[in-house]
Amino acid sequence: MDTHPIKVLKYCPKCGSAEFNKSGERSLKCAGCGFHFFINSAAAVAALVTDDEGKLMLVTRGVEPNYGKLDLPGGFIDPMESAEDAVKRELKEELGLKVKALKYLGSAPNEYVFSAYTVFTLDMAFQVTAESVEELKPMDDILDYKFYAEEELNYDDIPAPSIKKFVKDYFQGAKA
């Protein structure tokens with residue numbers, strides 16, 4: 001099944017017309033009302049949290065897509081929310097973690113398939129200093145968390161290409 005928005009979206013979200021047709025490589029246009037829909041990336045954040053030994057926290061996903069697989073804590077940025085505020089909110093929601101400091105590291109594109117619909121994302125990674133990594137509690141959409149040294153990690157357990165890149169970059173930087 002093709003989950004690309006051009007294949008999935010069949011009706012104009014403004015007027016409901018079925019004359020909602022491809023108009024370029026990343027847009028659809030309604031022949032009825034003229035509404036032009038562009039397929040853009042959604043913004044998301046990923047937090048790199050470490051313990052005192054320099055091990056990196058990975059969480060186990062508790063929701064689809066990729067239920068039971070490894071991920072970095074984080075998620076989508078809410079409308080009118082900054083990336084920094086999203087990191088703080090997501091860590092509080094998912095783990096009860098309070099952020100002491102954070103630093104932007106970089107970004108990577110990703111494809112997030114949910115409900116048979118592809119959401120293209122731009123994932124932004126942040127190095128996070130936590131107030132404490134003691135007594136965290138998995139909540140929201142995560143089942144568990146664990147701190148990993150690179151040799152304890154199987155990269156095949158991290159399905160998202162952007163997250164895999166951030167984790168590899170972290171461990172490469174830790175070796176330098």
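1. Helix H2 and its length. The model under discussion is a predicted one. Just after H2, Gly96 adopts a positive phi of about 75 degrees.

2. Packing of H2. The buried residues of this helix are Ala83, Ala86, Val87, Arg89, Glu90, Leu91, Glu94 and Leu95. Their packing partners are S4, S5, strand S7 (74–76), S8, S9 and S10. The list of buried positions includes the charged residues Arg89, Glu90 and Glu94; Arg89 and Glu90 are taken up again in point 8.

3. The largest nonpolar core. This core has 21 residues, and those with the most contacts inside it are Val49, Met57, Leu91, Leu97 and Val128. At least two residues each come from strand S4 (42–49), strand S5 (56–61), helix H2 (83–95), strand S9 (117–130) and strand S10 (142–148). The greatest contribution is that of H2, which gives five residues. As a general matter, nonpolar side chains tend to be buried together in soluble globular proteins.

4. Leaving aside residues up to four places away in sequence, Val49 touches Lys55, Leu56, Met57, Leu91, Leu97, Val128, Ala130, Val133 and Phe147. Another core lies apart from the largest one; it has 18 residues, among them Ala46, Leu48, Ala125 and Leu153.

5. The three-stranded sheet. Three strands form an open sheet in the order S1-S2-S3, with antiparallel pairing. Strand S1 (20–22) and strand S3 (36–38) are the edge strands; each has a single partner, so one side of each is left without a neighbour in the sheet. From one strand to the next, the twist averages 25 degrees.

6. S1 is joined to strand S2 (residues 27–30) by three bridges, the two strands running antiparallel. Across this pair, Phe20 has Cys30 in S2 as its bridge partner, and Asn21 has Lys29 in S2. The hairpin of S1 and S2 has four residues between the strands, and within this hairpin Gly24 takes a positive phi near 105 degrees. S2 is likewise joined to S3 by three bridges in an antiparallel arrangement, in which Leu28 has Phe37 of S3 as its bridge partner. Five residues lie between the strands in the hairpin of S2 and S3, where Gly34 takes a positive phi near 85 degrees.

7. The S8–S9 hairpin. Strand S8 (residues 99–114) pairs with S9 in the antiparallel sense over 14 bridges. Ser107 has Met124 in S9 as its bridge partner. Two residues lie between the strands of this hairpin, in which Ser115 takes a positive phi near 55 degrees.

8. Salt bridges. A search of the whole structure finds eight salt bridges. One network of them links Asp78, Glu81, Arg89, Glu90 and Glu93. Arg89 forms a salt bridge with Glu81, the closest N and O atoms being 2.8 Å apart, and Glu90 forms one with Arg89, for which the closest N and O atoms are 3.1 Å apart. Arg89 has 19% relative accessibility and therefore counts as buried, given a limit of under 20% for that class. Glu90 is also classed as buried, with a relative accessible area of 7%.

9. A salt bridge with an exposed member. Glu53 forms a salt bridge with Lys55, the closest N and O atoms being 4.0 Å apart. With a relative accessibility of 65%, Glu53 counts as exposed. Lys55 is in turn one of the residues touched by Val49, and Val49 is among the residues with the most contacts inside the largest nonpolar core.

Notes
Residues are numbered from 1 along each chain as its sequence is written. This is a predicted model: local features need pLDDT of at least 70, side-chain atom pairs count only at pLDDT 80 or more; totals for chains, interfaces and linings use all residues. Side-chain values use heavy atoms; hydrogens and water are left out. A nonpolar core is a set of buried Ala, Val, Leu, Ile, Met, Phe, Trp, Tyr and Cys residues joined through side-chain atoms within 4.5 Å. Buried means under 20% relative accessible area, exposed over 50%, partly exposed in between (1.4 Å probe, protein chains only). Contact means heavy atoms within 4.5 Å. Two strands pair if DSSP finds at least two bridges between them. Axes are lines fitted to C-alpha atoms, for helices over the stretch in contact, and angles run from 0 to 180 degrees between N-to-C directions. A salt bridge is a side-chain nitrogen of Lys or Arg within 4 Å of a carboxyl oxygen of Asp or Glu.
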